[in-house]
Amino acid sequence: MRRDYNGPSPEAGGYQLRELEEITEYNIHHSGSDAYFNDQTWEQTLDAFARHQVGTNGWPAIAYAFIARPDQEEIAWVGELSTIRYHAGGARHPRYNVGVNNVNGLAICIAGNYMGKNPDAPTLARVSRLINWLETILPPASRRIIGHQDVSATACPGDGWQEWRLSLPSCLED
């Protein structure tokens with residue numbers, strides 16, 4: 001499912017652009033709350049993400065390129081791959097004035113709170129298929145799969161990340 005949550009153009013204060021060759025990581029996140037999907041339509045879920053990240057955080061648009069919900073078969077594609085979204089920190093990138101992990105990472109969020117539990121197997125399988133598909137459309141590169149906690153002082157994407165990351169495509173791991 002494709003939705004346009006790109007926000008304003010870079011010239012109008014929106015997310016900056018990058019070359020697709022700069023994507024060297026898939027950054028996995030969790031939303032930290034099950035409220036993003038319980039009894040909600042996809043539109044309501046995406047509107048909730050936008051209200052929080054745009055309205056509360058002041059970001060130009062949703063911070064993730066893709067959002068997976070454990071209760072849905074489809075994954076929402078919400079942002080252009082070429083936009084540098086504010087999903088992870090890191091040292092400042094000299095060209096873009098954002099955290100380097102934002103420049104190099106393509107953000108995938110699994111909706112839910114994964115503190116004390118792991119995403120279910122069907123959700124992880126969908127995310128794996130997404131990453132495998134992205135590998136067919138992005139320029140050839142050596143990419144790795146990392147969790148937000150691997151690059152920032154956070155528990156995201158959950159305290160069991162080191163365990164459930166093994167369910168994602170191993171051919172991309174370090």
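Colleague: In which sense do β2 and β4 pair, and over how many bridges?

Modeller: This is a predicted model, where local features need pLDDT of at least 70, side-chain atom pairs count only at pLDDT 80 or more, and totals for chains, interfaces and linings use all residues. Residues are numbered from 1 along each chain as its sequence is written, and side-chain values use heavy atoms, with hydrogens and water left out. Strands are DSSP runs of E, at least two residues, and helices are runs of H or I, at least four, numbered from the N terminus; two strands pair if DSSP finds at least two bridges between them. For β2 and β4 the sense is parallel, over 3 bridges.

Colleague: What is the bridge partner of I67 in β4?

Modeller: Take the other neighbour too: β1 (residues 25-30) pairs with β4 in the parallel sense over 6 bridges. There, H29 has C109 as its bridge partner. For I67, the partner in β4 is C109.

Colleague: How many residues of β4 are buried?

Modeller: Buried means under 20% relative accessible area, exposed over 50%, partly exposed in between (1.4 Å probe, protein chains only). In a regular strand, side chains alternate between the two faces of the sheet. In β4, G105, A107 and C109 point one way and L106, I108 and I110 the other, all buried. The count is 6 of 6.

Colleague: Which strands do the buried residues of α1 pack against?

Modeller: The buried residues of α1 are W42, T45, L46, A48, F49, A50 and Q53. Contact means heavy atoms within 4.5 Å. Their partners are β2 (66-68), β3 (75-77) and β4 (105-110).

Colleague: How far apart are the end C-alpha atoms of helix α1?

Modeller: The expected span is 1.5 Å times one less than the number of residues. Helix α1 (residues 42-56) has 15 residues, so it should span 21 Å. The model agrees, with its end C-alpha atoms apart by 20 Å.

Colleague: Is R85 buried or exposed?

Modeller: R85 sits in the loop between β3 and α2 (100-104). Its side chain makes a polar contact of 2.9 Å with that of T83 (N or O atoms within 3.5 Å; within protein, one must be able to donate a hydrogen and the other to accept it, and residues adjacent in sequence count only if both atoms are side-chain atoms). With a relative accessible area of 3%, R85 is buried.
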